[in-house]
Amino acid sequence: MGARGNFYRDFPGAKIVRLFPRPAPRLPGKKSGERVVLLQGPVGTFFRQLQAQLDAQGHDAWRICFHAGDRFFARNSKCINFLGDLAEWQRWFSDFVFVGQVDRIILFGAERPAHRIARAIAAEAGIPVVALEEGYVRPGYITAEAGGNNAGSPLAGQLPPPAFVPVENQGKGEEFRRGAMRHVNDALYYALRNLLTFGKPRQLFHRELSLLPEGFFWCRNLWRLATGQARNFATIQHLLEHRDKAYFLVPLQVDADSQLKESALGWTQLGLISATLKSFATNAPADRSLVFKIHPLDRGHSNHAVFIAETAKAYGLEHRVFVVDTGSLGLLTRHCAGMITINSTSGLSAIYHGVPLLVVGQALYAHPALA
């Protein structure tokens with residue numbers, strides 16, 4: 001009855017509630033290395049290569065796919081296609097972690113809905129999580145942190161850094177290049193995800209995208225980049241030559257970014273724009289200017305530039321408020337009088353250049369000695 005009791009307790013209405021003792025019996029065929037579970041990774045083949053490398057090093061790496069986009073870029077072997085909703089994901093993954101004797105979880109984007117659930121289950125089971133993120137500390141590079149990213153990073157609010165952080169130089173990493181092929185992969189991934197995923201699994205989408213509007217937004221992004229290049233560079237040249245250390249910089253973020261949604265403390269892009277313009281209009285000296293930098297990935301999706309220009313004109317600030325959507329953020333930061341942000345990692349540039357920084361959300365660098 002022992003084995004049957006263990007079996008029946010997993011089903012509603014069961015009368016026998018005996019539990020498996022921990023640890024569970026070792027599964028046949030489990031390798032001597034760690035059993036690693038990879039959830040969603042960056043768009044493209046990054047996790048497929050990582051899975052192959054982990055296996056080559058003697059680990060037992062498994063991939064869990066949530067939709068057709070994941071499946072297209074995953075390996076064919078040791079891949080599990082999950083077809084449920086978020087509630088079913090919570091129960092299934094809890095069981096999988098226990099019965100499958102998972103030693104470590106690797107995921108990309110700690111605040112995606114499915115990943116938040118996975119992190120909570122891992123914390124309860126005492127399983128380490130490696131959370132990856134792209135470009136939020138250094139553009140073109142993937143950051144790996146224990147447990148979470150940004151406000152959830154083990155470094156968040158720590159000064160000096162915790163003792164476990166190595167201080168020696170680990171050498172130059174390899175840049176995760178976002179060339180033309182990366183954009184092709186992005187388009188293919190989301191097209192497959194939206195067109196070939198039906199029913200409950202759509203609940204696990206970390207970002208809801210409609211193909212036709214997205215196509216329009218990206219065409220508009222390219223159009224605005226091409227037609228606004230000369231205007232942007234003229235504005236930046238004017239700021240550097242005539243308003244050096246006399247303008248405040250507001251780097252805007254992408255509204256759909258999960259780190260912004262989870263760690264903004266209620267702030268939105270529109271809210272930050274409105275509050276900054278109000279404060280500037282009522283408090284800033286007459287010789288100061290205000291510069292908003294639109295995020296390149298949001299250039300085609302939003303009309304923030306138009307809203308900023310219209311509001312500035314209504315406030316009588318049209319000659320003191322500027323908007324750019326391209327150019328070097330580091331260069332603009334180095335010559336500004338201060339930076340205001342919700343929790344953009346642009347704040348790290350301000351800290352690096354010794355520029356006064358106001359951060360209104362939760363961020364990796366949100367410490368009174370820094371920001």
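The model is predicted, so local features need pLDDT of at least 70 and side-chain atom pairs count only at pLDDT 80 or more, while totals for chains, interfaces and linings use all residues. Residues are numbered from 1 along each chain as its sequence is written, and side-chain values use heavy atoms, with hydrogens and water left out.

Start with the whole protein. It holds 12 helices and 11 strands. Helices (H or I, at least four residues) and strands (E, at least two) are DSSP runs, numbered from the N terminus. Of the 371 residues, 43% are buried. Buried means under 20% relative accessible area, exposed means over 50%, and partly exposed lies in between, with a 1.4 Å probe and protein chains only. Contact means heavy atoms within 4.5 Å. Among contacts between residues at least 6 apart in sequence, 64% join residues at least 24 apart.

Now turn to a sheet. Five strands form an open sheet in the order β9-β8-β7-β10-β11, with parallel pairing. Two strands pair if DSSP finds at least two bridges between them. Strands of a sheet pair through backbone hydrogen bonds, either parallel or antiparallel. Which strands stand at the edges? They are β9 (321-324) and β11 (357-359). Each has a single partner strand, so one side of each is left without a neighbour in the sheet. From one strand to the next, the twist averages 20 degrees. Strand β7 (residues 247-251) and strand β10 (residues 338-341) run parallel and are joined by two bridges. L249 has M339 in β10 as its bridge partner.

Helix α9 (residues 269-283) packs on this sheet. It touches β7, β8 (289-293), β9 and β10. Its direction makes about 170 degrees with that of β8. Such axes are lines fitted to C-alpha atoms, for helices over the stretch in contact, and angles run from 0 to 180 degrees between N-to-C directions. The end C-alpha atoms of α9 are 21 Å apart, which agrees with the 21 Å that its 15 residues should span at 1.5 Å a residue. The expected span is 1.5 Å times one less than the number of residues.

Which residues of α9 are buried? They are Q269, L272, I273, T276, L277 and F280. These residues cover an arc of only 125 degrees around the axis, which puts them on the same side of α9. The arc is that of the directions from the helix axis to the C-beta atoms. The face turned away from the buried side carries the exposed residues K278, T282 and N283. Take T276, in helix α9. T276 counts as buried because its relative accessibility is 10%. Leaving aside neighbours within four places in sequence, T276 is in contact with V250, L290, F292 and I340.

Helix α2 (residues 46-56) also has a buried side. Here F47, L50, Q51, L54 and D55 are buried. They cover an arc of only 135 degrees, so they lie on the same side of α2. Q49 and A56 are exposed on the other side. What covers the buried residues includes β1 (35-38), β2 (60-65), β4 (104-108) and β5 (129-134). Just after α2, G58 takes a positive phi of about 95 degrees.

Last come the aromatic rings. Rings of Phe, Tyr and Trp (its six-membered ring) pair if their centres lie within 6.5 Å; planes under 30 degrees apart count as stacked, over 60 as edge-to-face and the rest as tilted. By this rule there are nine aromatic pairs. W89 and F93 form a stacked pair, 4.7 Å centre to centre with 20 degrees between the planes. Why are W89 and F93 separated by about one helical turn? Because they are four residues apart in helix α4. W89 counts as buried, because its relative accessibility is 0%. F93 counts as buried at 0% as well. W92 and F93 form a tilted pair, 6.5 Å centre to centre with 40 degrees between the planes. W92 is partly exposed, with a relative accessible area of 26%.

F66, F82, W89, W92, F93 and F96 form one aromatic cluster. F96 is placed in helix α4 (residues 86-99). At 17% relative accessibility, F96 counts as buried. Not counting residues up to four places away in sequence, F96 touches V37, I64, I80, Q101 and V102.
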